[in-house]
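Hi there,

Here is the structure I promised to pass on.

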Amino acid sequence: MTVILNQSFTGISIGAVLLLIALGLTLTFGQMGVINMAHGEFIMAGAYTTYVLQKSISSAGVSLLVALPLAFLVAGAMGALLEWLLIRRLYTRPLDTLLVTWGVSLMLQQLARDLFGAPNVQTAAPDLLTGNISVAGITLANNRLFILGLALLCVLGLTLILRLTPLGRRIRAVVQNRDLAEVSGIATERVDRTTFFIGSGLAGVAGVALTLVGPIGPTMGTNYIVDAFLVVVVGGIAQLKGSVITAFALGVLQSVLEYSTTVSVAKVIVLVAIVAILQWRPQGLYTLRTRSLA
Amino acid sequence: MSGEGLTVRDLRVTFDGFKAVDGVDLDIRPGDLRFLIGPNGAGKTTLVDAVTGLVKATGSVRFGGEELLAKPVHRIARLGIGRTFQTATVFEELTVLQNLDIAAGARRGPLTMLRRRKGIPEAVTKALETTGLTDLRDRPAGVLAHGQKQWLEIGMLLVQDVKLLLLDEPVAGMSHEEREATGELLQRVSEDHTVVVIEHDMDFMRSFARSVSVLHAGKVLSEGSVTEVQADAKVQEVYLGRASEPEPAAVPVPEEA
Amino acid sequence: MTTTTSPTRTTSVVQPSASLPERFRVPSAFLLGAVLLLGVAPLVLSDFRLNLLAKYLCYAIVAVGVSLAWGRGGLMVLGQGVFFGLGGYAMAMHLKLADAAATGQTLPDFMQLYGTGDALPWWWKPFADPAFALAMTVLLPMAVAALLGFLVFRRRVKGAYFAILSQALAAALAIWLVGQQATTGGTNGLTDIQGFFGYDLNDPANQRTVYFIIAAVLLLLMAAARQLFLSRYGELLIAVRDSEERVRFLGYNPANVKLVAYVVAAGMAGLAGALFVPAVGIISPALIGIVPSIGFVIGAAVGGRASLVGAVLGAIAVAWTQSTLSDAYPAAWTYLQGLLFVVAVGFLPGGLASLVTVLRKRRIPTRTTGETA
């Protein structure tokens with residue numbers, strides 16, 4: 001029993017990492033339809049931001065706290081730049097953005113290699129986050145709890161922005177009917193760039209979180225990117241809660257399967273499960289039903 | 001042969017609580033040239049969507065003795081129902097001839113499919129003549145004028161060997177001469193097909209309709225010949241806004257995105 | 001029907017009559033390609049370079065399928081590595097078993113090394129039969145593609161969703177292969193293959209034969225794909241790519257149309273993987289994961305996805321540039337590769353092949369006349 005609970009907690013924390021990464025994608029992929037393969041490199045940028053900060057700020061706790069907003073800004077700026085340089089020219093060809101941004105991702109990885117070297121680097125975690133706490137016989141790692149909290153905080157923040165702020169209303173308006181939004185006086189191009197900024201910034205935050213559980217390296221983003229896209233695909237692009245549920249479900253499924261089989265077999269079973277879910281809900285778990293989507 | 005009739009009973013389509021089609025009954029006789037008119041949001045296009053399997057609906061739609069609801073789109077098409085869309089959708093990179101040849105070929109076997117087209121099928125030649133596109137047959141459909149694209153679409157329905165044509169605003173955006181030509185084309189087509197036309201253009205309707213159904217807020221408001229419908233007080237209310245009672249709630253869904 | 005009054009006031013139309021040179025252009029270009037590949041290349045290239053070319057041609061075979069499925073069918077096939085890998089492993093399993101049998105062993109070398117036991121896994125056994133293994137190099141990828149394609153196209157999962165699923169499949173297969181080290185060779189893959197149906201692969205003469213086989217297969221598949229492009233099916237495939245819904249209303253099931261292209265492309269990738277093994281002597285997870293899968297597409301994108309010759313030449317050119325530059329200047333190559341993606345796909349969606357068309361149009365400006373608005 002405790003084994004299952006422990007394994008479930010591991011799964012939830014895997015899910016939290018997936019969710020943090022997928023959250024940015026729900027904006028850039030879900031709301032805007034852009035398949036940004038360089039999203040993984042924005043994660044990397046966030047992680048390296050933490051690494052650089054820790055060189056100048058000795059306290060691991062302070063540097064982590066500073067890194068969170070800074071990584072958001074760094075990754076967000078990179079995203080906005082990418083949108084301005086390339087992606088806005090490709091809105092009519094969404095599939096081609098996949099290949100173009102893959103090219104960008106290759107270049108950013110090489111840039112990281114040139115700047116920080118090819119080998120992985122580490123950051124020190126704050127003391128507070130290195131220990132464990134035990135609740136009812138389950139061991140909960142503090143860093144995993146922190147990531148879980150961070151993920152939930154980001155979900156909450158994003159929900160509030162989308163629901164309550166004028167910016168959120170504009171984002172939803174542009175998604176639902178770009179032309180109408182434009183003639184209603186919304187600067188759609190600026191909304192696009194802001195959406196991309198926030199989505200990419202969230203990748204940066206995810207990168208900071210990843211420094212707590214693993215090494216930092218030029219290719220760290222590619223390990224997560226496809227899984228994160230799958231989360232959005234299965235969750236359905238219309239609503240945040242689809243991604244939240246899917247991220248945790250996939251995380252738990254993966255980690256329980258890993259326990260009973262092997263990592264690689266678990267991976268294959270999860271993919272089969274995803275194809276099965278898409279048989280049942282081809283547009284993902286949560287969709288908006290509208291007329292004539294030919 | 002004069003086409004096949006369509007019988008619709010208590011058809012309902014709901015989008016997230018909004019009743020786009022709210023209990024429509026329609027009887028379209030074989031060989032009719034029926035116009036569906038009504039203000040934006042009346043449910044005209046949704047009705048056609050439901051008949052052709054594009055949206056889910058409840059009720060009953062019978063055609064040639066078969067129930068259409070719950071059949072997949074391509075099966076309904078194979079029963080002999082063809083449609084066009086508000087925006088002309090032809091395969092722009094293919095030539096006029098290729099467009100028509102594809103439309104004519106849904107029943108071709110795999111071996112025919114894997115071979116090159118040799119010569120022009122008779123039905124295609126006939127459709128090229130009927131629509132007047134013979135001289136343009138080797139042009140890519142993408143370079144055709146707006147009206148020509150609409151004619152090509154109708155031609156595609158003809159070679160598809162449909163018995164019932166459902167046309168969604170075929171003359172929208174056409175010049176006056178193009179409208180006349182299209183109307184004549186429709187009259188010719190309706191000699192051996194059943195034709196249903198969704199239209200906003202009242203002059204066009206008056207010139208060519210054989211019968212008319214007026215839809216309003218998801219229901220059939222009035223039905224009959226052009227003169228009968230025009231004389232109907234309820235129709236005048238809806239169209240001219242001479243409402244004796246308070247206007248019903250504003251139409252919530254625009255007809256076209 | 002009586003005299004049909006034409007609704008058009010038809011403008012004078014220039015009939016695009018096929019001029020004589022144009023009719024012979026394609027066959028003569030094909031002949032030229034055949035002479036270059038089968039005649040000139042083996043004469044002027046060293047054994048080493050010819051072997052490299054053989055490897056590039058394997059990528060070109062994949063590109064033929066990519067051009068069909070992606071260029072014509074609009075299917076973003078980002079998991080061709082899976083099919084390449086299945087074909088490659090099927091071939092390599094047979095060759096490893098044959099190598100082992102030639103030295104009197106029952107198990108391939110790596111199985112003895114990792115020592116899971118003394119018995120050959122059951123799913124290895126049928127691959128000892130050459131006919132079975134050869135059939136599997138094509139049938140296995142096609143079966144997997146058929147299953148996935150059937151499930152996915154039937155439910156109209158398309159566009160980005162399909163692309164992401166393809167990638168996930170490539171990742172899953174690579175991870176699974178790595179995880180099963182005792183039976184698949186793990187990260188190393190199946191390496192050090194010595195013989196090819198009784199011929200010693202270390203003999204340069206036999207390597208030349210392998211080259212000739214690969215070149216011949218490529219030419220054959222190009223001819224077959226061209227035939228498919230020109231067939232009614234080819235026209236229908238373009239129609240499905242451009243407006244799937246419209247095709248459905250004409251009474252076709254687009255899922256089946258797409259499935260055919262996907263399965264054929266998978267079969268070609270499988271064959272390419274199978275031929276890759278004797279040419280290079282290895283198949284491994286690193287050759288079939290997400291990164292190489294995208295690599296298979298990029299060659300076609302650079303050359304021109306919708307043009308058969310463009311896709312093939314693009315695949316060869318990208319592979320050649322990669323092996324020329326990546327050893328000497330790894331950093332510069334990565335930047336160049338990234339830039340290639342951005343420029344070729346972002347700004348030249350028709351690939352380099354579209355440049356040819358642009359130039360040709362400029363040479364014959366009379367083609368666009370008498371256009372009505």
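**What I found**

Chain C is built from 15 helices and 2 strands, where helices (H or I, at least four residues) and strands (E, at least two) are DSSP runs numbered from the N terminus. Please keep in mind that this is a predicted model, in which local features need pLDDT of at least 70 and side-chain atom pairs count only at pLDDT 80 or more, while totals for chains, interfaces and linings use all residues. Residues are numbered from 1 along each chain as its sequence is written, and chains are lettered from A and ligands numbered from 1 in the order in which they are written.

**Chain C and its side towards chain A**

Of the 373 residues in chain C, 49% are buried. A residue is called buried if 20 or more other C-beta atoms lie within 10 Å of its own, exposed if 12 or fewer do, and partly exposed in between, with C-beta atoms placed from the backbone. Among the contacts in chain C with a separation of 6 or more, 80% join residues 24 or more positions apart; a contact means that the C-beta atoms of two residues, placed from the backbone, lie within 7 Å.

Chain C puts 38 residues in contact with 34 residues of chain A. On the chain C side, the elements that give two or more residues are helix H6 (160-179), helix H12 (290-303) and helix H14 (330-347). H6(C) has the largest share, 13 residues. By type, this side of chain C divides into 27 nonpolar, 8 polar and 3 charged residues. Here Ala, Val, Leu, Ile, Met, Phe, Trp, Tyr, Cys and Pro count as nonpolar, Asp, Glu, Lys and Arg as charged, and the others, Gly among them, as polar.

**The core**

The largest nonpolar core holds 288 residues, and those with the most contacts inside it include A:Leu20, C:Ala265 and C:Val297. Such a core is a set of buried Ala, Val, Leu, Ile, Met, Phe, Trp, Tyr and Cys residues joined through C-beta atoms within 7 Å. Helix H11 (residues 254-280) of chain C gives the most to this core, 19 residues. Beyond its neighbours within four places in sequence, C:Val297 is in contact with A:Leu99, C:Val66, C:Trp70, C:Val77 and C:Leu78.

C:Val210 is also worth a click. This residue sits in helix H8 (residues 204-230) of chain C, and it counts as buried because it has 20 C-beta neighbours inside 10 Å. Leaving aside neighbours within four places in sequence, C:Val210 is in contact with C:Ala54, C:Phe196, C:Pro278 and C:Ala279. The C-alpha atoms of C:Val210 and C:Ala279 are 6.5 Å apart, although 69 residues separate the two along the chain.

**Chain B**

Chain B has 10 helices and 10 strands, and 48% of its 257 residues count as buried. Its C-alpha trace spans about 65 × 40 × 35 Å along the principal axes.

Strands E9 (residues 211-216) and E10 (residues 219-224) of chain B pair in the antiparallel sense over 5 bridges; pairing requires that DSSP finds at least two bridges. B:Leu215 stands opposite B:Val220 in E10(B). The two strands, E9(B) and E10(B), form a hairpin with 2 residues between them, and B:Ala217 in the turn has a positive phi of about 50°.

One caution on confidence: chain B averages a pLDDT of 85, with 92% of the residues scoring at least 70. pLDDT is the predictor's confidence in each residue, from 0 to 100. Over residues 242-257 of chain B the pLDDT is below 50, and this stretch has 18 contacts in the model beyond near neighbours in sequence. Where pLDDT is low, the predicted coordinates should not be read in detail.

Best wishes
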